Amino acid sequence: MKLSGKEKLAYGLGAVGKDMVYMLSSGYILYYYQDLLGVDAWIMGVILMAARVFDAFNDPIMGVIVAKTRTKWGKFRPWLLIGTLLNAVILYFMFAAPPALNGGGLVAYAAIFYILWGVTYTMMDIPYWSMIPAFTEGGKERENLTTLARTAAGVGSALITVGTILAVQMLGGGNEVQGFKVFALIIAILFIVFIVFTCVSIKEKSTVDMETSSVGEMFKALIRNDQAMTVVISIVLINCALYITSNLVIYFFKYDFGGSTWYNDYTLFTAFGGGIQILSMMIFFPLLRRFMDSLKVFYVSFGLAIAGYGILLVLMLLGVNSLYVLLVPAFLVFAAFGMLTVLTTVFLANTVDYGQWKTGHRDESVIFSMQTFVVKLASGVAALIASVALTIGHIGGAEEGDAAVQAAASSLVVLRMTMTVLPIIGMLIAIIYFRKKFILTESKVTEIAKELKTNDQ
């Protein structure tokens, strides 16, 4: 039975809500605590990275817990709802640091709530993505729903990327700290509403009988699934490039691009980028899929991203200060990442069938728990790299209301090179590694699906 329109809408809204929350945390936590509250950049980098190391143990455990869950509501939806409620509360407090805190107390507060945020986000993110193989058939239906969900997630991310600074200024009356507190509360409420709609609208149409294992055995199973490992390593490299840029772009406009209109320029730039990313998922990706298979679209996307970063570096070195000129490389980079986001999720979903075909175990929860971990790992690594760059370049910490700060020339070199050269290197490593290791062509996926179906009969 095909998915209904209501089910597709509900699943998509869930993606909007959870990625609004994720982008608010990953995109603005460093800026909130470092630039607004005064925590040293390198300390924040260590906190963000340490939280990701903690997730290395938390995520697989959560995958096992989901796999073992048996309730009349299914095994995914209970954790999806519980994780959402807890994560929404933690999100609010993470952006509502008590004004009296400073020094070590503020650092401890940031560390505790960021780690708790990661734990509770994992609690809902793993079951959300693990539901795809559980209530869709393989092939086109799964790919279409994945594309829809990733597109919806892109909408959620774009809304936060574009609207956060404007909303923070408006809600706080010019006080960014207060603005973040109110804005986080609004996003937390929306998150809960959207996921509740998902939980009451989506039902697990098929239940896969899974032979659950220990955490150690699950890691061994993942290691044996070489295609899953190939995809998750590629996801780390791709997302590191994207998150380095997203962490530093606000600093670029505030301290490099400068001028009294930096705030408006930043908003226009992120609005353009977010729009292109959504269009790439909704229009560019389906259009290219008409003329080439998913692997070719994947490689084309890599080429666009690398070209975009290269052009951006040249424009920075030339001192170009026209926002509209910067939109040219922005188009290439954001279009590429939109398509890459969809494709990596499709590839990862296909490795679930591959793992069952190769090992006899269908470990979708574990594999998707690794997706959660590697995306957050990439966020942590990128934040650490960005914080090191900010520390070396002595960038950040402008007084609130100082709208036209210009960093020193040496600081600008550090900022520009970190934003462009490092992402290019990461993307090149990713494409070389992926091309060498990945074997799941569309024909191979179809062949595996047919063989699994025959074995089940």
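This is a predicted model: local features need pLDDT of at least 70, side-chain atom pairs count only at pLDDT 80 or more; totals for chains, interfaces and linings use all residues.

Me: OK, how many helices and strands does the chain have?
Reply: There are 14 helices and zero strands.

Me: What about the largest nonpolar core, which residues have the most contacts inside it?
Reply: Tyr11, Leu24, Tyr33 and Tyr251 do, in a core of 144 residues. Helix α8 (residues 226-257) gives the largest share of this core, with 19 residues.

Me: Let's stay with Tyr251. What is it in contact with?
Reply: Skipping neighbours within four places in sequence, Tyr251 contacts Leu30, Tyr31, Gln34 and Asp35, along with Asp256, Leu390, Ile395, Gly396 and Leu415.

Me: Switching topic: how many cavities of 30 Å³ or more are there?
Reply: The count comes to four. The largest cavity has a volume of about 640 Å³.

Me: Which residues lie nearest the centre of the largest cavity?
Reply: Met23, Ser157, Leu242, Tyr243 and Gln277, out of 40 residues that line the cavity. The elements giving two or more residues to that lining are α1 (5-36), α4 (103-135), α5 (140-171), α8, α9 (262-291), α11 (323-359) and α12 (364-392).

Me: Which of those gives the largest share of the lining?
Reply: That's α8, with eight residues.

Me: Now α13. Where is the kink centred?
Reply: On Thr418, and the kink in α13 is about 35°.

Me: And what span should that helix have?
Reply: 42 Å, because α13 (residues 409-437) has 29 residues and the expectation uses 1.5 Å a residue. The end C-alpha atoms of α13 are 42 Å apart, so the two agree.

Me: Last one, Ser294: buried or exposed?
Reply: Buried, because its relative accessibility is 8% and the cut-off for buried is under 20%. Ser294 is found in helix α10 (residues 294-317).

Me: What does Ser294 touch?
Reply: Leaving out residues up to four places away in sequence, Ser294 touches Arg289, Leu343, Phe347 and Glu442.

Definitions and conventions
Residues are numbered from 1 along each chain as its sequence is written. Side-chain values use heavy atoms; hydrogens and water are left out. A nonpolar core is a set of buried Ala, Val, Leu, Ile, Met, Phe, Trp, Tyr and Cys residues joined through side-chain atoms within 4.5 Å. Buried means under 20% relative accessible area, exposed over 50%, partly exposed in between (1.4 Å probe, protein chains only). Helices (H or I, at least four residues) and strands (E, at least two) are DSSP runs, numbered from the N terminus. Contact means heavy atoms within 4.5 Å. The expected span of a helix is 1.5 Å times one less than its number of residues. The bend at a residue is the angle between axes fitted to the seven residues ending there and the seven starting there. On a 1 Å grid over the protein atoms alone, a cavity is a set of points where a 1.4 Å probe fits but cannot get out, and a pocket is an open set with protein on both sides within 12 Å along at least five of seven lines; lining residues have an atom within 4 Å of a point. Grid points are joined across faces, edges and corners, and a volume is the space filled by probe spheres set on the points.
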